[in-house]
Amino acid sequence: YLSRYRVRIDPLQSADTDLMVHFVFTDFGDETLGLHLRRGVVEFVESPERYSREPELILKLDRATWAQIYLGQADLGDLIDQQALVVKGEEGRAVKFFSLFDPFQP
């Protein structure tokens, strides 16, 4: 689902953003995937260890927590407070990053 998240970016709000984010999924042997947001476009990075850009943020979470974020069922700050999501880097940047995406609408 991470690769599908990229299409929900708001290109106008994210036009001045350049940010590389790694997602470490703890329930899949610390599988790491990435999203690189560059000026309104998000690239899904399947092998971030081979990517030229180092991450500014690393998010450690399990797939169930990711599903809650993806579906807009949980507040990012609450997940951080509950330690369901661990942020390496500035937590405020993580909150800002997710605010640049349109909410899920079934």
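1. Searching the whole structure gives 12 aromatic pairs. Rings of Phe, Tyr and Trp (its six-membered ring) pair if their centres lie within 6.5 Å; planes under 30 degrees apart count as stacked, over 60 as edge-to-face and the rest as tilted. The F23 and F25 rings are stacked, because their centres are 6.5 Å apart and their planes at 15°.

2. This is a predicted model, in which local features need pLDDT of at least 70 and side-chain atom pairs pLDDT 80 or more, while totals for chains, interfaces and linings use all residues. Residues are numbered from 1 along each chain as its sequence is written, and side-chain values use heavy atoms, without hydrogens and water.

3. F23 is buried at 0% relative accessible area, and F25 is buried at 1%. (Buried means under 20% relative accessible area, exposed over 50%, partly exposed in between; 1.4 Å probe, protein chains only.)

4. Y70 and F104 make a tilted pair, 6.2 Å centre to centre with 40° between the planes. Y70 is buried at 13%, whereas F104 is partly exposed at 33%.

5. One aromatic cluster consists of Y5, F23, F25, W66, Y70, F97, F98, F101 and F104.

6. R8 lies over the face of Y70, 4.7 Å from the ring centre, and R63 over the face of F25 at 4.3 Å. The criterion is NZ of Lys or CZ of Arg within 6 Å of the ring centre and within 35 degrees of the ring normal.

7. F97 touches L19, V21, F23, L35 and L37, not counting residues up to four places away in sequence (contact: heavy atoms within 4.5 Å).
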